Amino acid sequence: MLDVRDLKKSFAGFLAVADVTFSLLPRSVTAIIGPNGAGKSTLFNLITGHIPPSGGQVFHKGTDITAAAPHRICRRGIGRSFQHTNIFPGLTVFECIQAAFIAHHGRGRNIWGRAERLYRAETDALLGRLGLADKADAVAGALSHGNQKQIELGIALASDPDILLLDEPTAGMSAVETRETIGLLRSITEERGLTLLFTEHDMEVVFGIAERIGVLHQGRLIALGTPDQIRADPEVRRIYLGGH
Amino acid sequence: MKRIPWTLVVFAVAFFVPWLGSRFYTFIATDVAILALFALSLNLLLGYTGLVSFGHAAYFGIGAYTSAIMMKTLGLPFWLAWPAAGLAGGLFALVFGFFCVRLTKIYFAMLTLAFAQIVWAVCFKWNDVTGGEQGMPNVPYPSLGWMAAIPGLDGFRVGDRFYLLTLTLVAIAVAALRRIVASPFGRILTLIRENPERAEFIGIDVRRYQLAAFSIAGIFAGLAGSLFGIFNRGVFPDFAYWTKSAEVLIMTILGGMGHFWGPAVGAAALTILNLQITAYTEYWPLILGSILILLLFAFPGGLVGTTVDLARRLRGGTRGNGGRDARRP
């Protein structure tokens, strides 16, 4: 589904991501963990074309997508959310999601139609699924952090991806919100048959839903395996889990 | 309570200005109508796409020169020259914009300014075609004799007739612009304004959309420039000078770039203020500067943004978002 080979990125001599290699199987759920500065977000940005790699390649369904423009990578069916909430703050929640549908269906070339009439049913359905139906008319930027994270997930889902990359989907959420979000993620992933790759700080979340876990340390992928393998890995225990 | 169609009311009232019988009022109304179109075209970039252009006068000037050359030098009729002015404005915007959208923020703005100064320099120096520093005086009026056949218009001066033509054409152009901002294309532009990075990652080719917006804004600026050259009885390099770009930028911000009609209100306010104040004092730039400072601090949403916010609050609405509401009428 997604193959990452020897991916490398150095910033002015500092190696942020070093020779990372892994593959995602269709419909798998994989988590990338690691301390702050381990290179998780950089890895995501390399995969989605936001920054060009210094070396290595990324393949999506066998096609080389290394350093392709982000909008092209998105159009291939890779969706993502960002660590720092990244929505359209001045639009209403409804408009954020509706606009994502318009963009996904390539309707933006139409300069004479009426935007407000498009994809209303799809937008309502997705908002309902996300539990945001009652906030449809609120200005997105004025909502709580947790709600904004949900909107961001909605924006990513509107482009109907087959791979979803989520950078800390529960960062800054309360315990309740985290539990809800994880439940939602799990059911949507199953319904849509998504391949999920996410980073996360919360170990409970990681070990709760990931089928495989990769551990990134100083830009290197030092371990990759099932939750049980990771829990038992002596090196991971030493530098990261701290005897957890 | 049903909403009052303010737009129609304003256009209907404006239509009857010549019947006041004052040459002066018709003159101001023509000026305002043309500059309103110019400012609205800039707002497609500023308010809708989030692109700050310091060189929008280039396309205004190109439109003015295109139609002046066609009508005066080549003797072609206005109904050919006017669309050609829009086309020329759009084409140049497409070429210059191709380079500009490769840059962001202040670098984008500086490059638009640089291209505009090139346009100005060409108009200033290319004596054989543009008349150089002297410009091209005596651009002919379109033939409006046919208007005499319309009952009620037979006694009108040519200035009044040209005003009616201008108002009609501006109304059509503005209606088209309004339609564009409400379209799916327009919605994508607001996404780019709100967050270009995120827009890119829902599959939008941000640069391409920015370039399209830049070209469309150039078309409407060119159409406005064409009318302005005829109204002004001549075209001059000043039309493309950076002060003209600054003027339209000020109009847009004064009126409020967060609202579709904001720039039109700004154009009217600035034009009328200018006339009123220059009648009393020679320190117009000083007054203008003071007004701008006051406005930027006290009314960040511009005249229209502030009014809309106030009206909402009076009606008991809870939500005021500083006029950043470019999508609603």
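## A walk through chains A and B

In the hairpin of β9(A) and β10(A), 2 residues sit between the strands, and A:Q218 takes a positive phi near 50 degrees. Before going further, note that this is a predicted model, in which local features need pLDDT of at least 70 and side-chain atom pairs count only at pLDDT 80 or more, while totals for chains, interfaces and linings use all residues. Residues are numbered from 1 along each chain as its sequence is written, and chains are lettered from A and ligands numbered from 1 in the order in which they are written.

A word on terms: helices (H or I, at least four residues) and strands (E, at least two) are DSSP runs, numbered from the N terminus. Two strands pair if DSSP finds at least two bridges between them.

β9 (residues 212-217) and β10 (residues 220-225) of chain A run antiparallel and are joined by 5 bridges. Among the facing residues, A:V215 has A:A223 as its bridge partner in β10(A), and A:L216 stands opposite A:L221. β9(A) also pairs with β3 (residues 29-33) of chain A, this time in the parallel sense over 4 bridges, with A:A31 partnered by A:I213 in β9(A).

Zoom out and these strands belong to an open sheet of 6 strands in chain A, ordered β6-β7-β8-β3-β9-β10, with mixed pairing. At the edges are β6 and β10 of chain A, each pairing on one side only. From one strand to the next the twist averages 15 degrees; angles here run from 0 to 180 degrees between N-to-C directions, and axes are lines fitted to C-alpha atoms, for helices over the stretch in contact.

β6 (residues 78-81) and β7 (residues 163-167) of chain A pair in the parallel sense over 4 bridges, and A:I78 stands opposite A:I163 in β7(A). In a regular strand the side chains alternate between the two faces of the sheet. Both faces of β6(A) are covered: A:I78 and A:R80 on one side, and A:G79 and A:S81 on the other, are all buried.

Chain A has another sheet to show. In this open one, 4 strands follow the order β2-β1-β4-β5, and the pairing is antiparallel. β2 (14-24) and β5 (63-64) of chain A stand at its edges with a single partner strand each, so one side of each is left without a neighbour in the sheet. Helix α1 (residues 40-47) of chain A packs on this sheet, touching β1, β2 and β4 (55-60) of chain A, and its direction makes about 65 degrees with that of β2(A). α1(A) also lies across β3, β6, β7, β8 (195-199) and β9 of chain A, running at about 150 degrees to β7(A).

A:S10 faces A:L15 and A:F11 faces A:F14. Their hairpin has 2 residues between the strands, and A:A12 in the turn has a positive phi of about 45 degrees. On β1(A) there are also 5 antiparallel bridges to β4(A), where A:D3 stands opposite A:F59.

Now to where the chains meet. 30 residues of chain A are in contact with 24 residues of chain B; contact means C-beta atoms, placed from the backbone, within 7 Å. On the chain A side, α2 (70-75) and α3 (93-104) are the elements giving two or more residues, and the largest share, 5 residues, comes from α3(A). That side divides into 16 nonpolar, 9 polar and 5 charged residues. (Ala, Val, Leu, Ile, Met, Phe, Trp, Tyr, Cys and Pro count as nonpolar, Asp, Glu, Lys and Arg as charged, and the others, Gly among them, as polar.)

Over in chain B, the axes of α7 (residues 158-181) and α10 (residues 206-231) come within 11 Å and cross at roughly 175 degrees. By class, their contact has 11 nonpolar, 1 polar and no charged residues.

Finally, α5 (residues 105-125) of chain B has buried residues including B:F108, B:W120 and B:C123, and what covers the buried residues of α5(B) includes α3 (57-73) and α11 (242-255) of chain B.

Conventions
Contact = placed C-beta atoms within 7 Å. Buried ≥ 20, exposed ≤ 12 C-beta atoms within 10 Å, placed from the backbone.
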